Amino acid sequence: GSGTASLNVAVATSIVLHHFATWAGYAEQERAGHKFVVADRPQRVHGRGTAGTPEQVRAEREAAVADQNLTEEQQVTLGAALAGLFD
């Protein structure tokens, strides 16, 4: 049928990724019953579907750029790329 090809791709991909994980020495994720144990979700900072005002977003991005210890040239390049993004 038409779904067989995509199933074959999914199975082949899972086998390849399994062998890669084994080769790379990744530890198997813990499970509790039939579910994987995962970290708690981070608390939402903004309402759903909102990113804040353009000024807030710009300030957050500028702070993130400053935290990355970029060279002045990299900051200028990134600032030029972000300039006018929300205008």
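The structure is a predicted model, and its chain averages a pLDDT of 81, with 86% of the residues scoring at least 70. Among the elements of the chain, the mean pLDDT is lowest in one helix and highest in one strand, as the table shows.

| Element | Residues | Mean pLDDT |
|---|---|---|
| Helix 3 | residues 72-82 | 71 (lowest) |
| Strand 1 | residues 31-32 | 94 (highest) |

Helix 1 covers residues 4-24, and its length can be checked by a simple calculation. Just after helix 1 comes Gly 25, which takes a positive phi of about 80°.

On the surface, Leu 7, Val 11 and Ile 15 form a nonpolar patch, and together these residues have about 270 Å² of accessible area. Ile 15, which has its place in helix 1, counts as partly exposed because its relative accessibility is 45%, a value that lies between the 20% limit for buried residues and the 50% limit for exposed ones.

Charged side chains form another feature of the model. Side chains of opposite charge can pair when their charged atoms come close. A search of the whole structure finds one salt bridge, in which the side chains of Glu 28 and Arg 31 meet at 2.5 Å, N to O. Both Glu 28 and Arg 31 are exposed.

Methods. Residues numbered from 1 in each chain as written. Heavy atoms only, no water. Patch = residues over 30% accessible without salt bridge, like charges linked within 9 Å, V, L, I, M, F, W, Y side chains within 5 Å. Areas by Shrake-Rupley, 256 points an atom, 1.4 Å probe, with all protein chains shown as cover. Salt bridge = Lys/Arg side-chain N within 4 Å of Asp/Glu carboxyl O. Helix = DSSP H or I, 4+ residues; strand = E, 2+ residues; numbered from the N terminus. Buried < 20%, exposed > 50% of the residue type's maximum accessible area, 1.4 Å probe, protein only. pLDDT = per-residue confidence, 0-100.
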